[in-house]
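Please brief me on this protein chain.

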Amino acid sequence: MALGWRVRAGTTPVRPLGPGQAQWVAAALDRDPVGTCMVGARFEAAGMDRSRLGGTFWRGAGEGLCFAGPNIIPVQGDQVDLYAIADTLRGHGRRSASIVGRAQHVAPLWERIRPWWGPAREVRDDQPLLICPDAPAVRSDLRVVVVHPHRMDDYFPAAVAMFTEEVGVDPTLGDGGRSYRARVTELVSAGRAFAIFDGPTVVFKAEVGSLTRRVGQIQGVWVHPGFRGCGIAAAATAAVVRSIQTWGRLPSLYVNSYNAAARATYARVGFHQVGTFSSVLF
């Protein structure tokens, strides 16, 4: 269901966009296909249909553009435009789990909206945005397979463990995990979940969380604690990278700057930095 963002007439230059602005939104997303992959995937699947998007695109008086849905994703804009968008969104109360995007866009949005929506549970303001345009620099682990639906009962606990470890919140709380399981099932059914299985145990997992016609964004890279330090991650991630490349997409991901082990793994695979993301988690 689309979130019910509304703007009070005459109080701000910010306006919600509808089908008539689809071409303008498409052009904005296309200028930064890596940085906007998450919202770009939604747009390619749903166009400007708010019920299918799960949210609304907002435009400032200038070139500012922001998506407000389950996550707030600023796409572009200067400080003035992003401040204006923040002023519009803050009056409706927080309805999103995070603000995420390029650091230069997240920072002004969060600065303006923080007095109303803060404090955040965590602010991750330095997350290198990486791409791997060339063949992986390490051999792919041939044990990596696409997760089939019949392995969901094995795969899902690993997805929960990864999410809890990475985000700091158990995704099964609240609704017993129904929403999170539905999302994981969606990725599995689409052939975008990868794993190494040792019997019922998931040794390695990763997903292509967002997929546009140009970019595949990897998420949820995780190695079972009992298998860490065995050199599994790089070769297994390389297998996921190769799959994305065979789909004709550019592999991308973002990682916390303080996660030295993960950054070293991605460097071995052949990723390099093209920007910086920030995430404000509520």
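Ser278 lies in strand β12, residues 272-281. Helices (H or I, at least four residues) and strands (E, at least two) are DSSP runs, numbered from the N terminus. This is a predicted model: local features need pLDDT of at least 70, side-chain atom pairs count only at pLDDT 80 or more, and totals for chains, interfaces and linings use all residues. Residues are numbered from 1 along each chain as its sequence is written, and side-chain values use heavy atoms, with hydrogens and water left out.

- Ser278 is buried, with a relative accessible area of 6%. Buried means under 20% relative accessible area, exposed over 50%, and partly exposed in between (1.4 Å probe, protein chains only).
- Ser278 and Arg124 are 154 residues apart along the chain, yet their C-alpha atoms are separated by 5.5 Å.
- Ser278 is in contact with Ile99, Val100, Gly101, Arg102, Ala103, Val106, Arg124, Asp125, Asp126 and Gln127, leaving aside its neighbours within four places in sequence. Contact means heavy atoms within 4.5 Å.

**Overall fold**

- The protein chain has nine helices and 12 strands.
- Its radius of gyration is 19 Å, close to the 19 Å that the globule rule gives for 282 residues, so the chain is as compact as a globular protein of that length. The radius is taken over C-alpha atoms, and the rule is 2.2 Å times the number of residues to the power 0.38.
- The C-alpha trace spans about 60 × 40 × 35 Å along its principal axes.
- Of the 282 residues, 49% count as buried.
- Take the contacts between residues at least 6 apart in sequence: 72% of them join residues at least 24 apart.

**Surface and charge**

- The accessible surface of the protein chain is about 12,800 Å², and 52% of it belongs to carbon and sulfur atoms. Accessible areas come from the Shrake-Rupley method with a 1.4 Å probe; for residues, only the protein chains shown count as cover.
- There are 31 positive and 23 negative side chains, and the centres of the two sets lie 3 Å apart. Lys and Arg count as positive, Asp and Glu as negative; His and the chain ends are not counted. Each charge is placed at NZ of Lys, CZ of Arg, CG of Asp or CD of Glu.

**Helix α1**

- Val25, Ala28 and Leu29 are buried in helix α1, residues 22-30.
- These residues cover an arc of only 95° around the axis, which puts them on the same side of α1. The arc is that of the directions from the helix axis to the C-beta atoms.
- Cover for the buried residues of α1 includes α2 (37-46), β2 (56-59), β3 (65-68) and β4 (71-76).
- Trp24 also belongs to α1. Beyond its neighbours within four places in sequence, Trp24 is in contact with Leu17, Arg59, Glu63, Gly64, Leu65 and Gln76.
- Trp24 and Ala61 are 37 residues apart in sequence and 14 Å apart in space, C-alpha to C-alpha.

**Gly60, in a loop**

- Gly60 sits in the loop between β2 and β3. Its relative accessible area is 0%, so Gly60 is buried.
- Leaving aside neighbours within four places in sequence, Gly60 is in contact with Pro13, Val14, Arg15, Asp81 and Ile85.
- Gly60 and Tyr83 are 23 residues apart along the chain, with C-alpha atoms separated by 9.1 Å.

- Leu130 is found in strand β6 and counts as buried at 9% relative accessibility.
- Not counting residues up to four places away in sequence, Leu130 touches Pro251, Ser252, Leu253, Val255, Tyr266, Phe271, His272 and Gln273.
- Leu130 and Val255 are 125 residues apart in sequence but 8.0 Å apart in space, C-alpha to C-alpha.
- Ser252 is placed in strand β11, residues 250-254, and is buried at 0% relative accessibility.
- Among the residues that Ser252 touches, not counting those up to four places away in sequence, are Val34, Leu129, Leu130, Ile131, Val215 and Phe271.

**A cis peptide bond**

- Most peptide bonds are trans.
- A cis peptide bond joins Gly118 and Pro119, with omega about -5°.
- Pro119 lies in the loop between α5 (103-117) and β6 (122-131).
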